[in-house]
Amino acid sequence: MKEIPAELIDFITRGNKFIIAGHLEPDGDCVGSQLALASALKRLGKKAIPCSAGPFKRTEVKPYEKFFTPSPSEADLKDARVIIADCGALERTGKLAPLLESLPLAIIDHHAGGQYAEGGQSAGPVFIDGNAPSATLLVLHLIEALGLSLAPEEAELLLFGLCTDTGFFRHVDEKGAESFEAAAAMIRAGASPKKAFQDIHGGKSLDSRILMGHILSRAESHFNGRLILSTEEYEETQRFGLEGRDSDAVYQMLQSIGGMEAIVIIRQEKPDNCTVGFRSRDKVDVAAVAKSFGGGGHKNAAGLSIAGTIDELKPRILAAFQNIL
(Lines give C-alpha, C1' and ligand atoms only; values in the text may rest on other atoms or scores of the structure.)
Protein backbone atom coordinates (compact mmCIF):
# COMPACT_ATOMS: atom_id res chain seq x y z
CA MET A 1 0.00 0.00 0.00
CA LYS A 2 1.14 3.55 -0.69
CA GLU A 3 2.62 5.58 2.12
CA ILE A 4 0.41 8.22 3.68
CA PRO A 5 1.45 11.63 2.31
CA ALA A 6 3.11 13.85 4.88
CA GLU A 7 0.99 16.67 3.46
CA LEU A 8 -2.17 14.88 4.61
CA ILE A 9 -0.87 14.52 8.18
CA ASP A 10 0.08 18.21 8.14
CA PHE A 11 -3.34 19.12 6.68
CA ILE A 12 -5.04 17.38 9.61
CA THR A 13 -2.60 18.62 12.26
CA ARG A 14 -3.04 22.26 11.25
CA GLY A 15 -6.84 22.12 11.05
CA ASN A 16 -9.33 22.51 13.88
CA LYS A 17 -12.63 21.79 12.10
CA PHE A 18 -13.34 19.29 9.35
CA ILE A 19 -16.24 18.47 7.07
CA ILE A 20 -16.00 14.72 6.32
CA ALA A 21 -17.83 14.11 3.02
CA GLY A 22 -18.49 11.05 0.86
CA HIS A 23 -20.11 10.06 -2.40
CA LEU A 24 -23.78 9.96 -3.33
CA GLU A 25 -25.74 6.81 -2.38
CA PRO A 26 -23.17 5.83 0.26
CA ASP A 27 -22.29 2.19 0.82
CA GLY A 28 -20.71 0.54 3.85
CA ASP A 29 -17.18 1.52 2.87
CA CYS A 30 -18.11 5.18 2.46
CA VAL A 31 -20.12 5.32 5.68
CA GLY A 32 -17.48 3.39 7.65
CA SER A 33 -14.65 5.58 6.36
CA GLN A 34 -16.40 8.84 7.15
CA LEU A 35 -17.61 7.96 10.62
CA ALA A 36 -14.40 6.25 11.76
CA LEU A 37 -12.31 9.17 10.56
CA ALA A 38 -14.64 11.66 12.22
CA SER A 39 -14.38 9.73 15.49
CA ALA A 40 -10.57 9.72 15.34
CA LEU A 41 -10.42 13.46 14.63
CA LYS A 42 -12.69 14.16 17.60
CA ARG A 43 -10.33 12.14 19.80
CA LEU A 44 -7.56 14.48 18.63
CA GLY A 45 -9.59 17.40 19.98
CA LYS A 46 -10.87 18.56 16.61
CA LYS A 47 -14.40 19.21 15.45
CA ALA A 48 -15.54 16.77 12.77
CA ILE A 49 -18.87 16.92 10.92
CA PRO A 50 -19.79 13.88 8.78
CA CYS A 51 -21.85 15.06 5.80
CA SER A 52 -23.68 13.14 3.10
CA ALA A 53 -26.17 14.11 0.41
CA GLY A 54 -27.50 10.53 0.59
CA PRO A 55 -29.80 8.91 -0.25
CA PHE A 56 -29.18 6.03 2.16
CA LYS A 57 -30.83 3.38 0.00
CA ARG A 58 -29.06 0.26 1.26
CA THR A 59 -30.62 -1.49 4.22
CA GLU A 60 -27.23 -1.99 5.89
CA VAL A 61 -26.37 1.74 5.91
CA LYS A 62 -29.83 3.03 6.86
CA PRO A 63 -29.09 2.86 10.64
CA TYR A 64 -26.14 5.24 10.13
CA GLU A 65 -28.08 7.98 8.34
CA LYS A 66 -28.83 9.75 11.65
CA PHE A 67 -25.12 10.42 12.20
CA PHE A 68 -24.79 12.52 9.02
CA THR A 69 -25.60 16.14 8.24
CA PRO A 70 -27.27 16.42 4.81
CA SER A 71 -26.24 20.05 4.36
CA PRO A 72 -23.73 21.85 6.60
CA SER A 73 -24.66 25.30 7.90
CA GLU A 74 -22.68 28.50 7.33
CA ALA A 75 -21.35 28.12 10.87
CA ASP A 76 -20.22 24.55 10.08
CA LEU A 77 -18.42 25.73 6.94
CA LYS A 78 -16.68 28.74 8.49
CA ASP A 79 -12.93 28.08 8.80
CA ALA A 80 -13.48 24.38 8.02
CA ARG A 81 -11.32 22.02 6.04
CA VAL A 82 -12.79 19.21 3.93
CA ILE A 83 -11.80 15.56 3.70
CA ILE A 84 -13.61 13.50 1.09
CA ALA A 85 -13.50 9.75 1.77
CA ASP A 86 -14.13 6.90 -0.70
CA CYS A 87 -14.54 9.41 -3.51
CA GLY A 88 -12.03 11.02 -5.87
CA ALA A 89 -14.24 13.73 -7.39
CA LEU A 90 -15.89 16.63 -5.62
CA GLU A 91 -18.86 16.49 -7.98
CA ARG A 92 -19.73 13.00 -6.70
CA THR A 93 -20.64 14.48 -3.33
CA GLY A 94 -23.81 15.79 -5.01
CA LYS A 95 -25.41 18.91 -3.55
CA LEU A 96 -22.49 19.26 -1.11
CA ALA A 97 -20.09 20.12 -3.95
CA PRO A 98 -20.95 23.83 -4.39
CA LEU A 99 -20.80 24.30 -0.62
CA LEU A 100 -17.35 22.75 -0.32
CA GLU A 101 -15.57 23.89 -3.47
CA SER A 102 -13.99 26.99 -1.92
CA LEU A 103 -12.64 25.21 1.17
CA PRO A 104 -9.23 23.54 1.65
CA LEU A 105 -9.68 19.95 0.48
CA ALA A 106 -8.03 16.55 0.97
CA ILE A 107 -8.94 13.25 -0.71
CA ILE A 108 -8.80 9.69 0.65
CA ASP A 109 -9.86 7.14 -1.94
CA HIS A 110 -9.16 3.71 -3.38
CA HIS A 111 -10.75 4.26 -6.81
CA ALA A 112 -8.06 4.67 -9.45
CA GLY A 113 -8.75 7.31 -12.06
CA GLY A 114 -11.06 9.53 -10.04
CA GLN A 115 -10.79 13.19 -11.06
CA TYR A 116 -9.47 15.23 -8.18
CA ALA A 117 -10.32 18.91 -7.85
CA GLU A 118 -13.57 18.96 -9.82
CA GLY A 119 -15.35 22.31 -9.89
CA GLY A 120 -12.20 24.45 -9.75
CA GLN A 121 -11.09 23.20 -6.34
CA SER A 122 -7.57 24.25 -5.40
CA ALA A 123 -5.01 21.49 -4.95
CA GLY A 124 -4.66 19.72 -1.62
CA PRO A 125 -3.36 16.47 -0.14
CA VAL A 126 -4.36 13.40 -2.13
CA PHE A 127 -4.15 9.89 -0.69
CA ILE A 128 -5.41 7.64 -3.49
CA ASP A 129 -4.38 4.00 -3.73
CA GLY A 130 -6.11 2.00 -6.45
CA ASN A 131 -4.65 -1.22 -5.09
CA ALA A 132 -6.31 -0.86 -1.68
CA PRO A 133 -9.42 -3.04 -1.29
CA SER A 134 -11.37 -0.36 0.55
CA ALA A 135 -11.21 3.22 1.72
CA THR A 136 -11.59 1.99 5.29
CA LEU A 137 -8.22 0.25 5.05
CA LEU A 138 -6.65 3.59 4.10
CA VAL A 139 -8.42 5.28 7.00
CA LEU A 140 -7.12 2.58 9.36
CA HIS A 141 -3.53 3.38 8.41
CA LEU A 142 -4.21 7.11 8.63
CA ILE A 143 -5.57 6.75 12.16
CA GLU A 144 -2.44 4.81 13.14
CA ALA A 145 -0.22 7.43 11.47
CA LEU A 146 -1.92 10.10 13.58
CA GLY A 147 -0.64 8.26 16.66
CA LEU A 148 -3.95 6.77 17.76
CA SER A 149 -4.97 3.24 18.66
CA LEU A 150 -8.30 2.10 17.25
CA ALA A 151 -11.32 2.68 19.45
CA PRO A 152 -13.80 -0.24 19.44
CA GLU A 153 -16.50 1.73 17.60
CA GLU A 154 -13.97 2.79 14.95
CA ALA A 155 -12.82 -0.79 14.51
CA GLU A 156 -16.43 -1.90 14.00
CA LEU A 157 -17.02 0.78 11.35
CA LEU A 158 -13.78 -0.01 9.52
CA LEU A 159 -14.46 -3.74 9.43
CA PHE A 160 -17.98 -3.02 8.14
CA GLY A 161 -16.49 -1.06 5.23
CA LEU A 162 -13.72 -3.56 4.51
CA CYS A 163 -16.18 -6.46 4.42
CA THR A 164 -18.52 -4.46 2.19
CA ASP A 165 -15.97 -3.75 -0.53
CA THR A 166 -14.28 -7.16 -0.44
CA GLY A 167 -17.62 -9.01 -0.58
CA PHE A 168 -16.73 -10.38 2.84
CA PHE A 169 -13.30 -11.30 1.39
CA ARG A 170 -14.72 -13.13 -1.67
CA HIS A 171 -12.79 -10.75 -3.91
CA VAL A 172 -9.45 -11.04 -2.09
CA ASP A 173 -6.80 -12.97 -4.02
CA GLU A 174 -3.27 -14.15 -3.27
CA LYS A 175 -2.10 -10.52 -3.03
CA GLY A 176 -4.57 -9.71 -0.29
CA ALA A 177 -2.70 -10.60 2.90
CA GLU A 178 -2.92 -6.98 4.02
CA SER A 179 -6.73 -7.19 4.02
CA PHE A 180 -6.65 -9.99 6.58
CA GLU A 181 -3.92 -8.29 8.60
CA ALA A 182 -6.09 -5.17 8.74
CA ALA A 183 -9.15 -7.24 9.67
CA ALA A 184 -7.16 -8.89 12.48
CA ALA A 185 -6.18 -5.46 13.82
CA MET A 186 -9.83 -4.38 13.76
CA ILE A 187 -10.96 -7.55 15.52
CA ARG A 188 -8.30 -7.14 18.20
CA ALA A 189 -9.65 -3.62 18.76
CA GLY A 190 -13.16 -4.95 19.33
CA ALA A 191 -14.84 -5.45 15.93
CA SER A 192 -16.97 -8.57 15.39
CA PRO A 193 -16.96 -10.34 11.98
CA LYS A 194 -20.19 -12.05 13.00
CA LYS A 195 -21.88 -8.68 13.57
CA ALA A 196 -20.44 -7.26 10.32
CA PHE A 197 -21.84 -10.21 8.35
CA GLN A 198 -25.27 -9.83 9.93
CA ASP A 199 -25.26 -6.06 9.36
CA ILE A 200 -24.44 -6.52 5.67
CA HIS A 201 -26.51 -9.59 4.82
CA GLY A 202 -29.31 -9.57 7.38
CA GLY A 203 -32.50 -7.57 7.67
CA LYS A 204 -33.54 -7.94 4.04
CA SER A 205 -37.18 -7.68 3.04
CA LEU A 206 -39.29 -10.40 1.44
CA ASP A 207 -39.77 -8.06 -1.53
CA SER A 208 -36.01 -8.02 -2.11
CA ARG A 209 -36.03 -11.82 -2.43
CA ILE A 210 -38.99 -11.71 -4.84
CA LEU A 211 -37.32 -9.03 -6.97
CA MET A 212 -34.11 -11.06 -7.02
CA GLY A 213 -36.12 -14.01 -8.36
CA HIS A 214 -37.48 -11.87 -11.20
CA ILE A 215 -34.01 -10.68 -12.20
CA LEU A 216 -32.53 -14.19 -12.04
CA SER A 217 -35.37 -15.62 -14.13
CA ARG A 218 -34.61 -13.06 -16.85
CA ALA A 219 -30.87 -13.80 -17.04
CA GLU A 220 -29.47 -14.45 -20.53
CA SER A 221 -26.24 -16.10 -21.63
CA HIS A 222 -24.11 -14.40 -24.29
CA PHE A 223 -20.75 -15.12 -25.91
CA ASN A 224 -20.90 -18.83 -25.06
CA GLY A 225 -21.76 -18.16 -21.43
CA ARG A 226 -18.96 -15.70 -20.79
CA LEU A 227 -21.40 -12.82 -20.30
CA ILE A 228 -24.59 -13.02 -18.24
CA LEU A 229 -27.04 -10.16 -18.80
CA SER A 230 -30.30 -9.48 -17.00
CA THR A 231 -32.73 -6.63 -16.51
CA GLU A 232 -35.03 -5.01 -13.99
CA GLU A 233 -38.15 -3.60 -15.63
CA TYR A 234 -39.60 -0.18 -14.82
CA GLU A 235 -42.74 -1.76 -13.38
CA GLU A 236 -40.59 -3.74 -10.93
CA THR A 237 -38.69 -0.62 -9.90
CA GLN A 238 -41.99 1.06 -9.15
CA ARG A 239 -43.41 -1.96 -7.34
CA PHE A 240 -40.43 -2.85 -5.18
CA GLY A 241 -38.65 0.51 -4.98
CA LEU A 242 -34.94 1.19 -4.97
CA GLU A 243 -34.70 0.04 -1.36
CA GLY A 244 -36.11 -3.38 -2.31
CA ARG A 245 -32.90 -4.32 -4.08
CA ASP A 246 -30.15 -6.60 -2.91
CA SER A 247 -27.68 -6.25 -5.76
CA ASP A 248 -24.79 -7.95 -4.01
CA ALA A 249 -26.80 -11.16 -3.54
CA VAL A 250 -27.88 -11.16 -7.20
CA TYR A 251 -24.32 -10.69 -8.43
CA GLN A 252 -23.05 -13.34 -6.02
CA MET A 253 -25.48 -15.91 -7.39
CA LEU A 254 -24.73 -15.07 -11.03
CA GLN A 255 -20.97 -15.15 -10.38
CA SER A 256 -21.29 -18.78 -9.33
CA ILE A 257 -22.21 -19.78 -12.91
CA GLY A 258 -19.47 -21.85 -14.53
CA GLY A 259 -17.67 -20.12 -17.41
CA MET A 260 -19.03 -16.68 -16.48
CA GLU A 261 -16.53 -13.84 -16.91
CA ALA A 262 -18.76 -10.75 -16.73
CA ILE A 263 -22.25 -9.75 -15.57
CA VAL A 264 -24.47 -6.87 -16.67
CA ILE A 265 -27.74 -5.83 -15.03
CA ILE A 266 -29.71 -3.03 -16.71
CA ARG A 267 -32.33 -1.37 -14.54
CA GLN A 268 -35.03 0.88 -15.94
CA GLU A 269 -35.26 3.33 -13.04
CA LYS A 270 -37.18 5.98 -14.99
CA PRO A 271 -39.10 5.74 -18.26
CA ASP A 272 -36.21 7.42 -20.07
CA ASN A 273 -33.19 6.50 -17.92
CA CYS A 274 -31.39 3.35 -16.77
CA THR A 275 -28.68 2.44 -14.34
CA VAL A 276 -26.32 -0.33 -15.37
CA GLY A 277 -24.26 -2.49 -13.03
CA PHE A 278 -21.20 -4.45 -14.15
CA ARG A 279 -19.27 -7.20 -12.39
CA SER A 280 -16.44 -9.46 -13.56
CA ARG A 281 -14.59 -12.41 -12.15
CA ASP A 282 -10.93 -11.89 -13.06
CA LYS A 283 -9.91 -11.01 -16.61
CA VAL A 284 -12.49 -8.51 -17.83
CA ASP A 285 -12.06 -4.83 -16.95
CA VAL A 286 -15.68 -3.72 -16.59
CA ALA A 287 -14.59 -0.25 -15.47
CA ALA A 288 -13.30 0.35 -19.00
CA VAL A 289 -16.67 -0.69 -20.44
CA ALA A 290 -18.55 1.52 -17.98
CA LYS A 291 -16.23 4.44 -18.75
CA SER A 292 -17.02 4.16 -22.46
CA PHE A 293 -20.64 5.00 -21.55
CA GLY A 294 -19.74 7.77 -19.10
CA GLY A 295 -19.59 5.64 -15.95
CA GLY A 296 -16.72 4.29 -13.87
CA GLY A 297 -15.64 2.06 -11.01
CA HIS A 298 -13.19 -0.77 -10.43
CA LYS A 299 -11.87 -3.43 -12.79
CA ASN A 300 -14.24 -5.99 -11.29
CA ALA A 301 -17.15 -3.74 -10.28
CA ALA A 302 -18.48 -0.68 -12.09
CA GLY A 303 -21.65 1.15 -12.98
CA LEU A 304 -23.30 4.07 -14.71
CA SER A 305 -26.51 6.04 -15.17
CA ILE A 306 -27.53 6.66 -18.76
CA ALA A 307 -30.45 8.00 -20.77
CA GLY A 308 -32.42 5.41 -22.70
CA THR A 309 -34.49 2.27 -22.34
CA ILE A 310 -33.48 -1.33 -21.80
CA ASP A 311 -34.29 -2.20 -25.41
CA GLU A 312 -32.12 0.66 -26.68
CA LEU A 313 -29.18 0.05 -24.36
CA LYS A 314 -28.96 -3.73 -24.48
CA PRO A 315 -27.54 -4.01 -28.05
CA ARG A 316 -25.10 -1.17 -27.38
CA ILE A 317 -23.77 -2.85 -24.25
CA LEU A 318 -23.48 -6.23 -25.96
CA ALA A 319 -21.55 -4.53 -28.78
CA ALA A 320 -19.14 -3.05 -26.21
CA PHE A 321 -18.34 -6.56 -24.98
CA GLN A 322 -17.98 -7.97 -28.51
CA ASN A 323 -14.25 -7.35 -28.84
CA ILE A 324 -13.58 -8.30 -25.22
CA LEU A 325 -15.40 -11.64 -25.17
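Predicted model: local features only at pLDDT ≥ 70, side-chain atom pairs only at ≥ 80, totals over all residues.
**View 1. Strand S9 and its pairing with strand S11.** Strand S9, which covers residues 273–280, pairs with strand S11, residues 301–307, in the antiparallel sense, and seven bridges link the two. One of the positions to look for is Phe278, whose bridge partner in S11 is Ala302. Strand S9 is also mostly covered, since seven of its eight residues are buried.

**View 2. The hairpin of strands S8 and S9.** Strand S8, made of residues 262–270, runs antiparallel to S9 and is joined to it by eight bridges. Within this pairing, Ile265 has Gly277 in S9 as its bridge partner. The two strands S8 and S9 form a hairpin, and two residues lie between them.

View 3. Glu232 belongs to strand S7, which spans residues 227–232. Is Glu232 buried or exposed? Buried means under 20% relative accessible area, and because the relative accessibility of Glu232 is 0%, this residue counts as buried. The side chain of Glu232 makes a polar contact, at 3.1 Å, with the side chain of Arg267. When neighbours within four places in sequence are left aside, the residues in contact with Glu232 include Leu211, Ile215, Arg218, Thr237 and Arg245, and also Ile266, Arg267, Gln268 and Ile310.

**View 4. An open sheet of five strands.** Reading across this sheet, the five strands follow the order S2-S1-S3-S4-S5, and their pairing is parallel.

View 5. Strand S4, residues 105–109, pairs with S5 in the parallel sense over three bridges. In this part of the sheet, Ile107 stands opposite Val126 in S5. Which strands does helix H1 touch where it packs on the sheet? Helix H1, residues 6–14, touches strand S1 (17–21), strand S3 (81–85), S4 and S5, and the direction of H1 makes about 135 degrees with that of S3.

Key:
Residues numbered from 1 in each chain as written. Heavy atoms only, no water. Helix = DSSP H or I, 4+ residues; strand = E, 2+ residues; numbered from the N terminus. Buried < 20%, exposed > 50% of the residue type's maximum accessible area, 1.4 Å probe, protein only. Polar contact = N/O pair within 3.5 Å; in protein donor to acceptor, adjacent residues only side chain to side chain. Contact = heavy atoms within 4.5 Å. Pairing = 2+ DSSP bridges. Axes fitted to C-alpha atoms, helices over the stretch in contact; angles between N-to-C directions.
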